[in-house]
Amino acid sequence: MDKLLIALDTALRAISGASHAARACPRPSTEPRPLSEDERSLAGALMRVNHVGEVCAQALYSAQALATRDDSLRRQFEQAAREETDHLAWTQQRLQQLGARASLLNPLWYGGAFAIGLIAGRAGDAASLGFLVETERQVERHLESHLDRLPGHDTASRAIVEQMRQDEARHADAALAAGAAPLPAPLRWAMKAAARVMTTTAHRL
């Protein structure tokens, strides 16, 4: 019951925007320059997509921590989830600064990701970790593409995205070290296709 209540609390915080970061928001080395309306709109859309990714990360880690029977692995999932909570709060803050809103479909994204996390967790710890590795690697590449697309002088958004990219890479490495099993190629392709649908939709909604 305690685990279920924690999972419910995590869901409500993620969807409502009530999450708080334990780490300070990354700050750029150079002061951001004012953005044009088009640049602000683009940055807002990209950060909304990143925020959705962090909503999904909260759901995935919460579900996988709930599903595993390995206490050490549960602690690993919970530690990674705390860092993802930082990401969630940072992207929420940046959306507000840009005058942009979070995705209207966040409850849907959360519910879908939680269900996927439970399925992955029920498949066994090695498979669950393998799913985590593939997810984090795809997110890392996705964030790299956003660093290419963000306005060059939007140093505030870029600092956040770069720290997120580093954290995601570390989470994937930790899951590999914990015994992740490689996923079959068709499953990796399906994950990429699902991620493309999510990012394309969240860019607008």
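The model is predicted, and its chain holds seven helices and zero strands. Ser 157 lies in helix α6, which spans residues 155-177.

**Fold and dimensions**
- Read from the N terminus, the elements follow the order α-α-α-α-α-α-α.
- The radius of gyration of the chain is 16 Å, which agrees with the value near 17 Å that a compact globule of 205 residues would have.
- Along the principal axes, the C-alpha atoms occupy a box of roughly 50 × 35 × 30 Å.
- Among contacts in the chain with a separation of 6 or more, 86% are between residues 24 or more positions apart.

- Of the 205 residues in the chain, 47% count as buried.
- The chain has an accessible surface of about 10200 Å², and carbon and sulfur atoms contribute 58% of that surface.

**Ser 157 and its surroundings**
- Ser 157 counts as buried because its relative accessibility is 0%, and buried means under 20%.
- The side chain of Ser 157 makes a polar contact with the side chain of Asp 154, at 2.7 Å.
- When residues up to four places away in sequence are not counted, Ser 157 touches Met 47, Arg 94, Leu 98 and Leu 150.

How values were computed: Residues numbered from 1 in each chain as written. Predicted model: local features only at pLDDT ≥ 70, side-chain atom pairs only at ≥ 80, totals over all residues. Heavy atoms only, no water. Helix = DSSP H or I, 4+ residues; strand = E, 2+ residues; numbered from the N terminus. Buried < 20%, exposed > 50% of the residue type's maximum accessible area, 1.4 Å probe, protein only. Polar contact = N/O pair within 3.5 Å; in protein donor to acceptor, adjacent residues only side chain to side chain. Contact = heavy atoms within 4.5 Å. Rg over C-alpha atoms; globule rule 2.2 N^0.38 Å. Areas by Shrake-Rupley, 256 points an atom, 1.4 Å probe, with all protein chains shown as cover.
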